[in-house]
Amino acid sequence: DNQIRFVKSALWYHGYGRPELYQLPSDGSAGSRELLLAFSWLLHRISLLEQLLAWNRVKTGDETSVCMCEDDLLNSQKSTTEIAPGYGLEDGVDVRYLQWLYGRLRFQWQSLHAQHQEQCKLLHKIHLFTSGSHMDQILGHFSVTETDLVRQPENYSQILQLLESETMQLEAFLEWKQLEPVYWQWMETVLDNMAEEGNTSESQDTHVEKSGLPKVTLSCPWADSLTGQIDRLSRDLMTLHDQLHKLVTHRKAAWCEKVKTREEELQKDGFSATARKIQESVELKLLDLTCLCAPKKKKMHGSCRLVFRSKHPASKTGLHRSVSKEPVSAVSATEVIRELQMREASLERELKQLQKECRQRLNEIAEGLDGVICVSP
C-alpha cells in the first residue's frame with residue numbers, strides 16, 4: 001500500500017493528470033495498463049532513461065553542481081505557495097524557536113561552505129600537481145578517481161566492475177533507441193483500444209441512466225469536453241483582454257493627470273531632486289525586469305566537471321598546447337561569479353523590501369498592544 005501511494009504521489013508531483021490511475025485499488029489487484037501508460041508518460045515527460053544513466057555513471061570526483069535557472073525556481077516557489085497557502089505559520093509558534101532554527105541553519109550553511117572551500121583547495125592541488133600528465137589534451141590533468149587509482153592500484157577491479165556495468169547500461173540504452181519507434185507504435189494501439197473501451201462504456205452509461213449528455217463521435221472520449229473548455233477559455237480571455245485594455249487606458253490617463261498635478265506642486269521646491277530619486281528607484285526595480293525581457297542564453301543546470309585552466313601551464317610533456325581549446329559545454333568561473341553577483345543583488349533588494357514590510361507589520365501590531373513600548377532597532 002505504501003508503495004502504491006508513493007507511486008501515485010510521485011506521478012501527481014510530476015503532473016500526470018489521468019484520473020483513472022488515482023482511482024485504482026490500493027491492493028495492486030488491477031491497473032497494469034494504467035501503470036504502462038504512466039510509465040510511458042514518464043519516459044517522454046522527464047527523459048527517465050537519460051536521468052538514470054546520468055545517475056548511475058561512474059563519478060570522477062571532480063564534479064560540482066551549477067544552477068543558473070533561478071527564475072524557474074522562483075516561479076515554482078510562487079506556484080507552490082499559491083497552491084498550498086494553508087501551510088503557513090500559526091499564531092502559536094514561538095519566535096524564539098524560529099530564531100533558534102534560523103541560527104542552526106545558518107551555522108550548518110557556514111560549515112558546509114567551509115567544507116566546500118576545503119574540497120576546492122584539495123581539488124586544485126590535485127589538478128595542479130598532475131597537470132600535463134593526462135593523455136587527454138582537453139583536460140591535461142588527472143581526476144580524483146584517477147589519482148586515487150594511481151596511489152592504490154589494488155582498487156582497479158572495483159573501478160573496472162563499475163565501468164563494465166555502465167557500459168552494459170549504455171549498450172542497453174542504444175538498443176532501446178533502435179527499438180523505441182516500435183514501442184511507441186504499440187502504445188498508440190493501446191491508447192486506441194482504451195479510447196474504444198471508453199466510448200463503449202460511456203454509451204452504455206448514457207443509455208442506462210438516460211442522461212442528456214452529448215454523444216462522443218471522435219476517437220477520444222474527452223475530446224468534445226476539452227474542445228468546449230478551450231472555446232470557453234478563449235472567450236473569457238478575449239473578454240479579459242478588452243477589460244484590461246480599457247483599465248490600462250483609464251489608469252494611464254489618471255496617472256498622467258496625477259503626475260502633472262504633482263509636478264506643478266513640486267515645481268517650486270526641489271522637483272529635480274525628487275524626480276531623480278524616483279528615477280533611481282524605478283531603475284532599481286526594473287533591473288530584474290530588464291534581465292527577464294533580454295534574450296537569454298541557455299542556462300546551465302546539473303553536474304559539471306571542474307577542469308583546471310592556467311595562464312602559464314606547467315610544460316612537462318608538451319601536451320598543453322591544445323589545452324586552450326575549451327570544450328563545447330564549458331563554462332568559466334567568471335561567468336558563474338557574474339551570475340551569482342546579479343543574483344545576490346536581486347536577493348538584497350528583495351530582503352530590504354521584506355524587512356520594510358516586516359517593520360510596518362510590527363508597528364501595526366505594536367499599536368494594538370496596551371501597556372507595551374516597542375523600540376525599533
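The questions below take the labels in turn.

Reply: Two notes before we start. This is a predicted model, where local features need pLDDT of at least 70, side-chain atom pairs count only at pLDDT 80 or more, and totals for chains, interfaces and linings use all residues. Residues are numbered from 1 along each chain as its sequence is written, and side-chain values use heavy atoms, with hydrogens and water left out.

Me: What makes up the secondary structure of the protein chain?
Reply: The protein chain has 12 helices and 2 strands. Helices (H or I, at least four residues) and strands (E, at least two) are DSSP runs, numbered from the N terminus. The order is α-α-α-α-β-α-α-α-α-α-α-α-β-α.

Me: Why is W12 called exposed?
Reply: Buried means under 20% relative accessible area, exposed over 50%, and partly exposed in between (1.4 Å probe, protein chains only). W12 has 61% relative accessibility, so W12 counts as exposed.

Me: Why does Y22 count as partly exposed?
Reply: Y22 has a relative accessible area of 25%. That value falls between the 20% and 50% limits, so the label is partly exposed.

Me: What makes W12 and Y22 an edge-to-face pair?
Reply: The whole structure holds 6 aromatic pairs. Here the ring centres of W12 and Y22 are 5.5 Å apart, with 85 degrees between the planes. Rings of Phe, Tyr and Trp (its six-membered ring) pair if their centres lie within 6.5 Å; planes under 30 degrees apart count as stacked, over 60 as edge-to-face and the rest as tilted. W12 sits in helix α1 (residues 2-14) and Y22 in helix α2 (residues 19-22), 10 residues apart.

Me: Why are Y97 and W100 called stacked?
Reply: Their ring centres are 6.0 Å apart and their planes meet at 25 degrees, so the pair is stacked. Both lie in helix α6 (residues 95-129), 3 residues apart, about one turn of the helix. An α-helix has 3.6 residues a turn, so residues three or four places apart point the same way. Y97, at 46%, is partly exposed. W100 is also partly exposed, at 48%.

Me: Which residues have the most contacts inside the largest nonpolar core?
Reply: They are L11, Y16, L21, L37, A38, L42 and L48, in a core of 14 residues. Such a core is a set of buried Ala, Val, Leu, Ile, Met, Phe, Trp, Tyr and Cys residues joined through side-chain atoms within 4.5 Å. α3 (32-45) and α8 (156-209) each supply at least two of its residues.

Me: Which residues does Y16 contact, leaving aside neighbours within four places in sequence?
Reply: Contact means heavy atoms within 4.5 Å. Y16 is in contact with L11, L21, Y22, E34, L37, A38 and W41.

Me: Why is R305 partly exposed?
Reply: R305 has 32% relative accessibility, so R305 counts as partly exposed. R305 lies in strand β2 (residues 301-305).

Me: How do you know that the span of helix α12 agrees with its length?
Reply: The expected span of a helix is 1.5 Å times one less than its number of residues. For the 35 residues of α12 (residues 333-367) that should be 51 Å, and the end C-alpha atoms are 50 Å apart, which agrees. The buried residues of α12 are E335, E339, R343, S346, R349 and A366.
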